[in-house]
Amino acid sequence: MSESNNEGKVFDPFEVWRGMRNAGMDAWAKTMTEAVNTDEYAKASGALLDAYLTASIPLRELLEKAMSQALRQMNMPTRDDVISLAERMTQVEMRLDDMDAKLDGLSRQPSESAHAEASAAEPLHAEALPAEPPHAEPLHAEPPPAELLQEKPPQVGPPPVEPPRVEPSPEKPPTRKATRKEAKEQ
Amino acid sequence: MTSVSGWPNGFSADEFEAEFAKGEDRLRRAGKVLTTKALIAQTPKELIWALNKSKLYRYIPVVPKEKRHPVPLLLVFALMNRPYILDLRPGNSFVEFMVSQGYDVYLMDWGSPGPEDRNLKFDDYALDYLPRAIRKLKSVSGATEFSMLGWCIGAILTTLYAAVRPDDGLRNLLLLTAPLDYSKKESITFSHWTDERYFDVEKVLAMFGNMPGEMLDYGAKCLKPVENFLGNYIRLFDNLDNPKIVESWHAMNTWVTDGVPLAGGVFRQLVVDLYRNNRLMNGTWVVRGERVDVSRIKANLLTVIAANDHITPPCQAETLQDKVSSKDKELFRIRGGHIGIMAGSDAARNTWPHINAWLDARSGREGTGTL
């Protein structure tokens, strides 16, 4: 039986190579870091990128044009159509976000007064229902930004409809028919 | 047992076999680390707001409400990387640490911009998305004041917000490795690369719309090519028998390879307004028709600088201190790299405790002190 190593250490065939590698690595790294921070490198990498873009852009435009035409022929939305829709969605989301903030403010006021009346009652989930300020903070400080004033988006959804007033029957005004009947009796 | 002839000090066949098996196991481990994603961002959180691709998360507090700091903390990371670097993995998570210290922590996730977002600019992110998220944060937390931590490009956004909206309740501003001053071009490698003689930003954006995450990642890696393209993998192979290092490497690699594109409008502003013309520090940057004047910043300010940062050299971050109106300001210089100061092995010993101590003294009910 032979001993694997006099010191109990297994021979690692890569150790020599690793030592050489570590010795050169730092110097190499330093040289390269300095090299990329030069105008020559910036010029060379810029030229490479420019060559790639010069070759790619016309091809890309051609492909896009052909694809758009083909999709239109098939009555299908093009990339531009989808992008346009997505942009409009974001605008709608922003309006919804403003409405949400206003609703937050409205819903908080009654809950605060109720909380004041029954201050002894603790919320079931304190973490899930954090305390909220009494009013929604406006997003834009007064006055609102000029662009919001300039491009007022179309109103989303139907205009608000006032609920019909329901009043007790004794105070109900006479209908047109009743008035005629009364007039006839008189 | 027979010894293998030719090997120094003798080497038995059994030992050779064991070594071979070990090597095979190491290769399998390396393959797994290089081809799979680590479990990251484990701290429990809830989504409280979303707009377009942006999301605002609130981390579930673990400290009772009466012991918590009343001033919430909003974390804003860069636009071109995922923000979960702040919550990388259990035991090595800044978010987890701050939550355990009694902060009400919120995280802004900008998401990944699509082709429809190619025209988004700093103006939109800092003055539309961020204020809306802050409005929600205030609504959910019930606080009127808040602290904000901006890191990398996130520090540009938070600086912009703090300068344009100084009266919106921002009490504490923390800037980490903030690329704000572009005057010393010879020290900033990106300034060389984006020089108008060599780099046509309009041509790039005409091709891609948004700046692809892969190109940004490649650019960042090229700043230190040997370390990033070679040294990083050598470190993994050298330490494959150390589970702690492998786990850490796996999590970091998951994050590094999960880049997102940068909105075209932001990239254009970054190159033209900042890298080329240094408009923020010159006081000539106009966003939404308003000049950005950093002297309007009055929030308490902590600037954290990474001494070995090659992406944002210290000269880019340290000059803001002299320009703001904040009475309470501190410059904290720490050894480490751009990401390492917050997600490296020393972060939990050095950076996080300092941020906690600074914020703890400024997150009380009356402006200073603790609860």
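Modeller: Contact, as used here, means heavy atoms within 4.5 Å. This is a predicted model in which local features need pLDDT of at least 70, side-chain atom pairs count only at pLDDT 80 or more, and totals for chains, interfaces and linings use all residues. Side-chain values use heavy atoms, without hydrogens and water, residues are numbered from 1 along each chain, and chains are lettered from A in the order in which they are written.

Biologist: With which residues is Thr351(B) in contact, leaving aside its neighbours within four places in sequence?

Modeller: Under that rule, Thr351(B) is in contact with Val304(B), Phe332(B), Ile334(B), Ile341(B), Met342(B) and Asp346(B). Thr351(B) is found in helix 14 (residues 351-360) of chain B, where helices (H or I, at least four residues) and strands (E, at least two) are DSSP runs numbered from the N terminus.

Biologist: Why does Thr351(B) count as buried?

Modeller: Buried means under 20% relative accessible area, exposed means over 50%, and partly exposed lies in between (1.4 Å probe, protein chains only). Thr351(B) has 1% relative accessibility and therefore counts as buried.

Biologist: How many disulfides does the structure hold over all chains?

Modeller: The structure holds zero disulfides, a disulfide being a pair of cysteine sulfur atoms within 2.5 Å.

Biologist: What makes a set of residues a nonpolar core?

Modeller: The members are buried Ala, Val, Leu, Ile, Met, Phe, Trp, Tyr and Cys residues joined through side-chain atoms within 4.5 Å. The largest such core has 117 residues, of which Leu74(B), Leu86(B), Phe122(B) and Trp151(B) touch the most other members. Its largest share, ten residues, comes from helix 3 (residues 122-141) of chain B. A second, separate core of six residues includes Ala30(B), Val33(B), Leu240(B) and Trp249(B).

Biologist: Why is the pair of Tyr218(B) and Phe229(B) called tilted?

Modeller: Rings of Phe, Tyr and Trp (its six-membered ring) pair if their centres lie within 6.5 Å; planes under 30 degrees apart count as stacked, over 60 as edge-to-face and the rest as tilted. Tyr218(B) and Phe229(B) are 5.9 Å apart centre to centre, with 45° between the planes, so they form a tilted pair. Tyr218(B) lies in helix 7 (residues 213-222) and Phe229(B) in helix 8 (residues 225-238) of chain B, so the pair ties together parts that are eleven residues apart in sequence. At 52% relative accessibility Tyr218(B) counts as exposed, whereas Phe229(B), at 38%, counts as partly exposed. The count over all chains comes to 15 aromatic pairs.
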